[in-house]
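Please read these points with the model open.

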Amino acid sequence: MVKIKRTVKELDPYIPGRSNEDLARVYGLDPDNIIRMGSNENPLGPSPQAIETLKKSLHLINTYPESNIDDLKAKIASYARVNSEKIIVGGDGADEILDVLAKTLIEPGDEYIVHPPSYMYYEFTFGIHGATPVYARWNVEENRLDVNSVLNAISAKTKVIFLCTPNNPTGGLIEKKDIQTILESTDALVVVDEAYWEFSGENNVELLDEYENLFILRTFSKVMGLAGMRIGYGIGQEKLIEYMHRVKPVFSLIKLSHIAASATLDDLNYLKESTKLSIESREFLYEQMSKFPELRVFKSFANYILVEIRNTGMKSKQMTEKLMENGIIVRDCSSFRGLDDHWIRVSVATIEEDEKFIDVLKNILSDQQGISND
Ligand SMILES: Cc1ncc(COP(=O)(O)O)c(C=O)c1O
């Protein structure tokens, strides 16, 4: 057997959401009727303009993608209100930007700070590159960042600090003044993950003018409805972006993704509608789920809601399986560091799908009550 790299041998595999086909096979369901509320996707579907433009571009796939994507960078820059030299675009979503960051920055012995429970991919990617995680804390009870836990975790070895706002999976926001406090306390790169910022209306781009060590991470997978096209971007200081371009795979952003991203940014009606519908669904789900006394439902600024199900007497695995038997996927949060096996995350869907979910949930909870009272 060849000798495998230590960091890869020790790696915990990343657990992504499951596909419709996979679940349809296991639970005997029709894949087209599965309700997806597990991966924080966009229930509206992609932009119609993006679909039309893609259809007209399919004949282009025999040629390599553009290595010069200045036109897309310019559109993203105008959307984000920064200059183009501050932008890097990734072709495996924001996840690729994380990988490129690690390739650019990490050397043996480096540490990075995360605040569990949060997005698990930070640990997955940075682990491969041999960096050591240091754990700060997200205060789940109050759904806010424990800022002191971040400040206390900083050492001479800290290379990167991850701050996720709105935080996945809890949905809480990090206050701008807390981000500033952290930026001022370190020379390490502070990566503010704004994958869901559009659903909160709050972002931190203006801090880039003031702080050299800020990097903002974003994606086309959420409000832009293009999770399957794998497009993400980073916004940082020009010098860092230039170094990152040296290690980024040249053709990772495929031509169809380039075209879809560009068309979506032009489709202002879609972007408005997409934000509105997701927020409506989130508030509807919050209101409806809050009516079940055995659930603890967390206020969210993103397109998903964290729910503690401890008082139902069920574990997350049991609850997610019962929902799947009814064709509904939600996220079992037991694989998130910092949460035990009594949490689920419910992503927004169409209001019709939300209603179906609430009905199914009601039945599951009343069956469970019956069992508990027996
Ligand atoms: C907080 C956060 N950051 C980044 C990503 C990665 O997004 P992408 O699909 O662009 O790789 C996700 C995806 O769910 C996320 O939840």
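The numbered points below take these topics in turn.

1. This is a predicted model, in which local features need pLDDT of at least 70, side-chain atom pairs count only at pLDDT 80 or more, and totals for chains, interfaces and linings use all residues. Residues are numbered from 1 along each chain as its sequence is written.

2. Of the 13 residues around the ligand, those that come nearest are Gly93, Ala94, Asp95, Thr219 and Ser221. A residue counts as near if its C-beta atom, placed from the backbone, lies within 6 Å of the molecule. Helix H5 (residues 93–105) gives the most to this shell, with three residues. Helices (H or I, at least four residues) and strands (E, at least two) are DSSP runs, numbered from the N terminus.

3. Ile179, Ile182 and Leu183 of helix H8 (residues 176–184) are buried. They lie on the same side of H8, because they cover an arc of only 100 degrees around the axis, taken from the directions from the helix axis to the C-beta atoms. Lys177 and Glu184, on the other side of H8, are exposed. Buried means 20 or more other C-beta atoms within 10 Å of the residue's own, exposed 12 or fewer, and partly exposed in between, with C-beta atoms placed from the backbone.

4. An open sheet of five strands runs in the order E1-E13-E14-E12-E11, with mixed pairing. Strands E1 (35–37) and E11 (296–297) are its edges, each pairing on one side only. Strands pair if DSSP finds at least two bridges between them. E13 (residues 328–332) and E14 (residues 343–347) pair in the antiparallel sense over two bridges.
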